[in-house]
Amino acid sequence: MVPDLRKQFNDAFTSERYQALLEWVEKQYNHRPPFRIAETPVFIPDDLKAKLFEACDQITDVIVAPDFEERSRSALLAGQEVPNETPHTTFLQMDFGICQEADGTLTPQLIEVQGFPSLYFFQDLVARGYQEIYDLPEGYSHLFGGLTSETYLEKLRQVIIGDHDPEEVILLEVEPDTQVTRIDFIAAKHMIGIESVCVSEVKVEGRKVFYFKEGRKIQVRRIFNRVIFDELIRRDDLKREFYFIQEHDVEYVGHPNWFFRISKHTLPLIDSPYVPKSYFLNELETLPEDLHNYVLKPLYSFAGTGVIININQHDVDAIKDPENYILQRKVTYAPVVETPGEPSKCEIRMLMLWERGAPRPVMVNNLARLSKGLMVGVRYNRDKDWVGGSVGLFKV
């Protein structure tokens, strides 16, 4: 999106370099991610950077407000509340679609906010891959606050492991070896030394939690949680001893309750020019006259499942549990990333960390996704190039 840098990159691009990037990523841990890595990083102009920072601050103000805990209480579902909730989330992520104003200026519009981690490790890895393979401009970084890859990983180590023995901290997931995001788990093991463990492999003795490593029984003191509850609930074939709703002698890094508290449930609470107007469906007395300009989203879903884009009165009337849906004004992504073919649309996810005792979270990293389809996602971008996962580079 920085025109001169985009032109320089596109003019120098070759398919051989792109293949070299994919091979570089694979060679790091002998694993090639099953998701598509985009051909290019995204060069973020200063005016868009300023707006992204302002948007994150305005949304964060709502989350750090004293009344947020009470305002988000209804997001916790009966039978899914996890004991020993932390005072605040550890991880905070905000997804913004990059849009265009009538005067041509770029502006971010919030798509999603999440109190849950994703790809904090891989995003540093792939950014270094782009830097290694391509001739990228100096003075640009994927990291914020003066962080380098070394200090960024040290911050993650302190947040996730703290003073514990790394063997006593596990990354918990549902069958981590089969997850699309497995590369992030592998990177976490190499970068900070924690094992990824399936929830079915965790052993429980009273309030104590254990796992086995190389034949050794090790007590778990802290859990870096990557389990999505709706996936776990669907897996009724998974035999396990560990249940989140029970009391255990473990700490959570990324307490599961914050996945629900900070989610689509948060969107109607935010009043900002960077946040499309959103409503709880059950609280709407009358529907907007321009209903076609809205999308219908289930509150409790993941990765875009259940979203209805082109809605009408019939779709709304068919909803049997309106308390579990929001109506959100549509965001029109602008095709702003020039490519050798048609331009790509872009979404930027700002990755934040909220350290224990800190007054508010800080931005540390980012994730970009490029799309040429109706929505950002694999099924909308099949057989297309210059799409997929990427990273934004910001002037430092």
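Reader: Which residues do ring pairs link into a cluster?

Author: This is a predicted model. A search of the whole structure finds 19 aromatic pairs. Ring pairs link these residues into a cluster: Phe116, Phe229, Phe242, Phe244, Tyr252, Phe259 and Phe260.

Reader: Is the pair of phenylalanine 229 and phenylalanine 244 stacked, edge-to-face or tilted?

Author: Planes under 30 degrees apart count as stacked and those over 60 as edge-to-face. The ring centres of phenylalanine 229 and phenylalanine 244 are 5.0 Å apart and the planes stand at 45 degrees, so the pair is tilted.

Reader: How many residues apart in sequence are the parts that this pair ties together?

Author: Phenylalanine 229 is buried at 7% relative accessibility, and phenylalanine 244 is buried at 4%. The former lies in helix 8 (residues 229-234) and the latter in the loop between helix 8 and strand 11, so the parts tied together are separated in sequence by 15 residues.

Reader: Which strands stand at the edges of the open sheet of 4 strands?

Author: The strand order is 6-5-10-11, with parallel pairing. Each edge strand has a single partner, so one side of it is left without a neighbour in the sheet; these are strand 6 (195-198) and strand 11 (251-253).

Reader: Within what arc do the buried residues of helix 3 fall?

Author: Helix 3 (residues 46-64) has 19 residues. Its buried residues include Leu48, Leu52, Ala55, Ile59 and Ile63. An α-helix has 3.6 residues a turn, so residues three or four places apart point the same way. Seen down the axis of helix 3, the buried residues line one face, because they fall within an arc of 150 degrees.

Conventions:
Residues are numbered from 1 along each chain as its sequence is written. This is a predicted model: local features need pLDDT of at least 70, side-chain atom pairs count only at pLDDT 80 or more; totals for chains, interfaces and linings use all residues. Side-chain values use heavy atoms; hydrogens and water are left out. Two strands pair if DSSP finds at least two bridges between them. Helices (H or I, at least four residues) and strands (E, at least two) are DSSP runs, numbered from the N terminus. The expected span of a helix is 1.5 Å times one less than its number of residues. Buried means under 20% relative accessible area, exposed over 50%, partly exposed in between (1.4 Å probe, protein chains only). The arc is that of the directions from the helix axis to the C-beta atoms. Rings of Phe, Tyr and Trp (its six-membered ring) pair if their centres lie within 6.5 Å; planes under 30 degrees apart count as stacked, over 60 as edge-to-face and the rest as tilted.
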